[in-house]
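Please view the sequence and the structure together before reading on.

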Amino acid sequence: MSPSTDTYAQRASTHPTPLGRKLLTIMSRKKTNLCVSLDTPSPVEILSLLADIGPYICLAKTHIDAIPFTAFSSFEDVHQFTASLEALAKEHDFLLFEDRKFADIGNTVKAQYGSGIYKIADWSHITNAHSVPGDGIIAGLREVAEGVEGGLENRGLLLLAEMSSKGTLAKGAYRDTTVEMARGEKAKGWVMGFIAQGAVETREGEDWIVMTPGVNLGVKGDALGQQYNTPEKVVLGGSDIIIVGRGIVAAADPVKEAVRYRDAGWKAYQKRAGR
Ligand code: 6AU
């Protein structure tokens, strides 16, 4: 599985999903392949971080269900928060990715994605799902995405093909079967790529956007099984977007670190594309 040497700009004009084209266009225009993972409990801090880091990222990833309920005094506050995320995304030209990791039958994920307290489908451009239930999960989520404003022009799905954590089952044959699942009819124009550690099998006419978590320039892992690689290693291995959480949000100077990861990710991409 060899990494693509095409530029983001080339891929932006040919990518098989509308949201993939949008994302690759942003990456090429802003010269960044950095996704920041906003894993911090305070919504105020998330918004203020994004206001500062926005110019350096193509994507902002959230775990909205990890924000303590005490941070919101009403459902209206939740909606205010997601509206602020959308406003910042517009202002600084990046997309939103709610890292929900759906993992149930199609009928259940449909309700989880479209309703519930967070109404993820209303505001997040991208979300992700495990392949473990089979392809009904792709079809169920698609039904919801087709029903929101702009439909699949504005929504995209990633499947988790590989995970970064120690002992994961998501690797090897599991990864390959997940890629096969993304070739199904219900995935067309909807599944834009994968969460994976490097290049995945890509056939004629396919173009998967690979996003890679487990990226850190300072440490090799954490106490709970996370494993880190450098931006250079993952991008040269076929990753299109580096996902960085604590490396940026837990740093003393998050803006400085965002610039450092942006530069490292972009340099590695230029090397891969031979530019
Ligand atoms: O850089 P970190 O370790 O602070 O944060 C990594 C982020 C976390 C994880 O929930 C997420 O990336 N993640 C994922 C995703 C994005 O789906 C998959 C995975 O295999 N490993 C991983 O860390 O928000």
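In which helix is the place of Val-255? Val-255 is placed in helix α11, which covers residues 254-272. Helices (H or I, at least four residues) and strands (E, at least two) are DSSP runs, numbered from the N terminus. Residue numbers start from 1 along each chain as its sequence is written. The model is predicted: local features need pLDDT of at least 70, side-chain atom pairs count only at pLDDT 80 or more, and totals for chains, interfaces and linings use all residues.

Val-255 counts as partly exposed because it has 14 C-beta neighbours inside 10 Å. By definition, a residue is buried if 20 or more other C-beta atoms lie within 10 Å of its own, exposed if 12 or fewer, and partly exposed in between, with C-beta atoms placed from the backbone. Apart from neighbours within four places in sequence, Val-255 is in contact with Asp-52 and Ile-53. Contact means that the C-beta atoms of two residues, placed from the backbone, lie within 7 Å. Between Val-255 and Ala-103 there are 34 Å in space, C-alpha to C-alpha, and the two are 152 residues apart in sequence.

**The strands**

Seven of the eight residues of β3 are buried, and this strand is thus mostly covered. β4 is largely enclosed by the rest of the structure, because four of its five residues are buried. Two strands pair if DSSP finds at least two bridges between them.

| Strands | Sense and bridges | Bridge partners |
|---|---|---|
| β2 and β3 | parallel, four bridges | Ala-60 and Leu-96 |
| β3 and β4 | parallel, three bridges | Glu-98 and Thr-127 |
| β4 and β5 | parallel, five bridges | His-130 and Leu-160 |

**Annotated positions**

The unreviewed UniProt entry places the feature "active site" at Asp-99, Lys-101 and Asp-104. UniProt positions are given in the numbering used here, feature names are shortened, and annotations may be inferred rather than shown by experiment. Asp-99 lies in strand β3, and Lys-101 also has its place in strand β3. Asp-99 is buried, because 24 other C-beta atoms lie within 10 Å, whereas Lys-101 is partly exposed, with 14 other C-beta atoms within 10 Å. Leaving aside neighbours within four places in sequence, Asp-99 is in contact with Lys-61, Thr-62, His-63 and Asn-128.

Over residues 33-261 the chain is 35% helix and 17% strand, and the end C-alpha atoms are 9 Å apart.

**Helix α7**

Helix α7 (residues 136-147) has 12 residues and reaches 17 Å from its first C-alpha to its last, close to the 16 Å expected at 1.5 Å a residue. That expected span is 1.5 Å times one less than the number of residues. Among the buried residues of α7 are Ile-137, Ile-138, Leu-141 and Val-144. The buried residues of α7 pack against several elements, including β3, β4 and β5.

**Around the ligand**

The ligand is surrounded by 18 residues, of which Met-163, Ser-164, Pro-213, Gly-245 and Arg-246 are the closest. The elements that give two or more residues to this shell are β8 (241-244) and α10 (246-249).

Note on methods. A residue is near a molecule or strand if its C-beta atom, placed from the backbone, lies within 6 Å of it.
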